[in-house]
Amino acid sequence: MSATGHTDRHHDHWQRALRGVRGRIEALPTSRASGRVVRATGMVIEVVGLRVALGNAFRIELPDVPGQPATRYAEAEVVGFAGDRLFLMPLAGISGLMPGARVHPLAENSTDAARRFPLGDSLLGRVVDGNGDPLDDLGPLEEAPRAPLAQPPFNPLARAPIDTQIDVGIRAINALLSVGRGQRMGLFAGSGVGKSVLLGMMARYTRADVIVVGLIGERGREVQDFIDNILGAHGRERAVVVAAPADTSPLQRLQGASYATRIAEGFRDQGHDVLLIMDSLTRYAMAQREIALAIGEPPATKGYPPSVFAKLPNLVERAGNAERGGGSITAFYTVLTEGDDQQDPIADSARAILDGHVVLSRTLAEAGHYPAIDIEASISRAMNAVIDDTQRRQAQRFKGLFSRYQRNRDLISVGAYHPGNDERLDEAVRRYPDLEAFLQQDIDECADIEASRLALAGIAGGIA
């Protein structure tokens, strides 16, 4: 082989290599947009020098710290703007932020800078935070498909109707507050009346393909307790838990609720029947209140800005049935009632946008009555569409007797009740022990739909 031929091949090799390098270089943007921090007040960071849309994600450069990586970043998101100033809120606490710190978009294309989150079957059995990062020790989720949180609104005329009862394993709900597949129910309760235990029973006993649990704004201790003691190993196998405890930023709490809903939507789009449990809707509203007040939105009802009451239906309406023959999301949202006040603005707003509510009574809980469901104050708006006439009549008779006894409870307690004057009251007094026993259920007891109907028929079937 001649020296000239060898030289030509060597030259061609380097030419190809240079063309490859040139192609990679030319694909890079000629400039990179960045802004700088001009003010930080509380949770809000003000930035100038960028023109981007609400919801875009950014990295804020932080100064070097001994023992830390050479260049540190904090992730933040645009939550508002005024003139040429952007209002950013970090996803976690920031230490070492300085005036003039550089701010860079996460994506070069500012019109498509929405963050993407892991979805799909690889999340089953996992516990993740509001960013989609694993909180357990089961490895990363790098292979999971990713998608943004935002979804186009579902056409209400395309949704399948609620016409099939779903078995939640709670006798009082199956028989007297029947829930349909695709229904959205509120669980209204003050603190310490057993809502977490009731949610855990539903998570274990509900007939659903997938369970998605969003623990939003609750105590960090409750996350581990819910997973280990309430959800259990068997329930966790078909569940995804998204945890954004109270010590996380309000933006991450808000994001955690949207992420849990987005995971449920992903499984519904695959044709699965999903049970979505969110604890709690009130903490979601409080997180939005913190953000709105921090960027200057004026407070309205009891300190809640108007944007809070716009966010709630946007979140709740994402649950429900898909088109006919598709999957479904049956959702339970807990609503904390301050001082057991059912007229709390968030409770009142939630009651208007949900398909029913289950009210837990502190009086019943203090009396050792579990689950502490106040049957008189609770209602399922889809119940008549998922049960037959026989069960409806029996449920009405049951509630009628129970209510009559409760209205006369004080008279009975002080001995002013005399049998023989009111036949209906006499029957209510005679049957009350059975009515009360029907409403109580042990945490380890599962009452399916058939057993619940038979128990209701045994009590109310013979009532005239």
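A charge counts as sitting over a ring if NZ of Lys or CZ of Arg is within 6 Å of the ring centre and within 35 degrees of the ring normal. Keep that in mind for the first exercise, and remember that this is a predicted model.

**Exercise 1. Which ring does Arg204 lie over, and at what distance from the ring centre?**

*Solution.* 
Step 1: Find the ring. Arg204 lies over the face of Tyr205.
Step 2: Check the distance. Arg204 is at 5.2 Å from the ring centre, and the cut-off is within 6 Å.
Step 3: Look for another case. The charged end of Arg59 sits over the ring of Tyr73, 5.5 Å from its centre.

**Exercise 2. Classify the ring pair Phe117 and Tyr259: why is the pair tilted?**

*Solution.* 
Step 1: Recall the cut-offs. Ring centres must lie within 6.5 Å, and planes under 30 degrees apart are stacked, over 60 edge-to-face, the rest tilted. The model has five aromatic pairs by this rule.
Step 2: Apply them. The centres of the Phe117 and Tyr259 rings are 5.3 Å apart with planes at 40°, so the pair is tilted.
Step 3: Place the residues. Phe117 belongs to strand E7 (residues 116-118) and Tyr259 to helix H5 (residues 250-269), so the pair ties together parts 142 residues apart in sequence.
Step 4: Check burial. Both Phe117 and Tyr259 are buried.

**Exercise 3. Describe the largest pocket: which element gives the largest share of its lining?**

*Solution.* 
Step 1: Get the volume. The largest pocket has about 1100 Å³.
Step 2: Look at the lining. It has 38 residues, with Leu149, Ala150, Ser258, Lys311 and Arg318 nearest the pocket's centre.
Step 3: Find the main contributor. H5 gives the largest share, seven residues.
Step 4: Sort by class. The lining of the largest pocket holds 20 nonpolar, seven polar and eleven charged residues.
Step 5: Bring in the domains. Domain 1 (35-105) and domain 2 (116-387) each give at least three residues to this lining.

Notes:
Residues are numbered from 1 along each chain as its sequence is written. This is a predicted model: local features need pLDDT of at least 70, side-chain atom pairs count only at pLDDT 80 or more; totals for chains, interfaces and linings use all residues. Side-chain values use heavy atoms; hydrogens and water are left out. Rings of Phe, Tyr and Trp (its six-membered ring) pair if their centres lie within 6.5 Å; planes under 30 degrees apart count as stacked, over 60 as edge-to-face and the rest as tilted. Helices (H or I, at least four residues) and strands (E, at least two) are DSSP runs, numbered from the N terminus. Buried means under 20% relative accessible area, exposed over 50%, partly exposed in between (1.4 Å probe, protein chains only). On a 1 Å grid over the protein atoms alone, a cavity is a set of points where a 1.4 Å probe fits but cannot get out, and a pocket is an open set with protein on both sides within 12 Å along at least five of seven lines; lining residues have an atom within 4 Å of a point. Grid points are joined across faces, edges and corners, and a volume is the space filled by probe spheres set on the points. Ala, Val, Leu, Ile, Met, Phe, Trp, Tyr, Cys and Pro count as nonpolar, Asp, Glu, Lys and Arg as charged, and the others, Gly among them, as polar. Domain bounds come from an automatic or database domain assignment.
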